Amino acid sequence: MHYYRYSNAEVSCWYKYLLFSYNIVFWLAGMAFLAAGLWAWSEKGVLSDLTKVTGLHGLDPVVLVLVVGIVMFTLGFAGCVGALRENICLLKFFCGTIVFIFLLELAVAVLAVLFQDWVRDKVKEFFENNIKSYRDDIDLQNLIDSLQKINHCCGAQGPDDWDFNIYFNCSSESKSREKCGVPFSCCIPDPAQKVVNTQCGYDVRKKSKNQWDDQIFIKGCIVALEAWLPRNIYVVAGVFIAISLLQIFGIFLARTLISDIEAVKAGNAF
């Protein structure tokens, strides 16, 4: 590595250490995500048997945490070292990756608006696949339960979607005690109960459908999310704009520092 110090051309310390400070946050956050993900996997025994990752047909939330952690750690490391060592290759890698992620976010947002029916079908398919794996992974189970409780919903399109799960299926072949029921997170909470009744959904779908709404949520989670989005459009837009501005700011700092370093090198050539 080379340092360039000249009276007529210098790398701006302001941009250099501002970019370093910008990236150290992401680097530390990335390490925290990685540590949390690896700890969760160790608790589930995945680290001792990695085949459990491929054996799950639904989404393991820990995988998402680890992917985010790896991306943040890598970008933060490249940005920190690139800024301190004035390394153009690392800075270009950092800048190019941020640009790629930014363009990918824009593309996803545009496609989600233009192809709403296709997105809805894919979300439905994704949700149904995770319903099938509800009992296979504790983190996935907690994620679905939280989604249903927060949004007061049950299943992708409705409670009957729980027929996709072998434990809640109403078929005569099923020997599960949860047969023809729904998870407790589908139940309408009773304010008088201080202890959660995890068996409240047992046998509920054996009753006639006009009796369901007294005991469980009958609205599907896709419908609930579609209703939630217009009510919170300003919050969603604000988060998207804030993330975009942070990315643009990082791109600006990296490009400015790269230009300074190249100017110093050009000055040295003469």
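The model is predicted, so I read local features at pLDDT of at least 70 and side-chain atom pairs at pLDDT 80 or more, while totals for chains, interfaces and linings use all residues. I number residues from 1 along each chain as its sequence is written, and side-chain values use heavy atoms, with hydrogens and water left out.

Entry on Cys 187 and Cys 200. I find 110 degrees about the S-S bond, and the link is right-handed. Cys 187 and Cys 200 both sit in the loop between H6 and H7, 13 residues apart. Helices here are DSSP runs (H or I, at least four residues; strands are E, at least two), numbered from the N terminus. I note Cys 187 as buried, at a relative accessible area of 8%, and Cys 200 as buried at 16%. My classes are buried under 20% relative accessible area, exposed over 50% and partly exposed in between, with a 1.4 Å probe and protein chains only.

Entry on Cys 170 and Cys 180. Their sulfur atoms lie 1.9 Å apart in a disulfide. The torsion about this S-S bond is about 100 degrees, so I record the disulfide as right-handed. Both Cys 170 and Cys 180 are in the loop between H6 and H7, 10 residues apart. Cys 170 counts as partly exposed at 30% relative accessibility, whereas Cys 180 counts as buried at 8%.

Entry on Cys 153 and Cys 221. I find these two in a disulfide with sulfur atoms 2.0 Å apart. Cys 153 lies in the loop between helix H6 (138–151) and helix H7 (221–231) and Cys 221 lies in H7, so the pair ties together parts 68 residues apart in sequence. The link is right-handed, with 85 degrees about the S-S bond. Cys 153 and Cys 221 are both buried.

Entry on the whole set. How many disulfides does a search of the whole structure find? I get 4 disulfides. With the bonded cysteines of the chain numbered in sequence order, I write the pairing as 1-8, 2-5, 3-4, 6-7. I also checked two further cysteines for burial: Cys 80 is buried at a relative accessible area of 6%, and Cys 89 is exposed at 64%.

Entry on H7. Which residues of H7 are buried? I list Cys 221, Ile 222 and Ala 224. Seen down the axis of H7, these fall within an arc of 155 degrees, so they line one face of the helix. The arc is taken from the directions from the helix axis to the C-beta atoms. The buried residues of H7 pack against helix H5 (116–132) and H6, where contact means heavy atoms within 4.5 Å.

Entry on the cores. By nonpolar core I mean a set of buried Ala, Val, Leu, Ile, Met, Phe, Trp, Tyr and Cys residues joined through side-chain atoms within 4.5 Å. The largest has 21 residues, of which Cys 154, Trp 162, Val 182 and Ile 216 touch the most other members. H5, H6 and H7 each supply at least two residues of this core, and H7 gives the most, with 3 residues. Apart from this core I find another of 18 residues, including Leu 19, Tyr 22, Ile 98 and Ile 258.

Notes: A disulfide is a pair of cysteine sulfur atoms within 2.5 Å.
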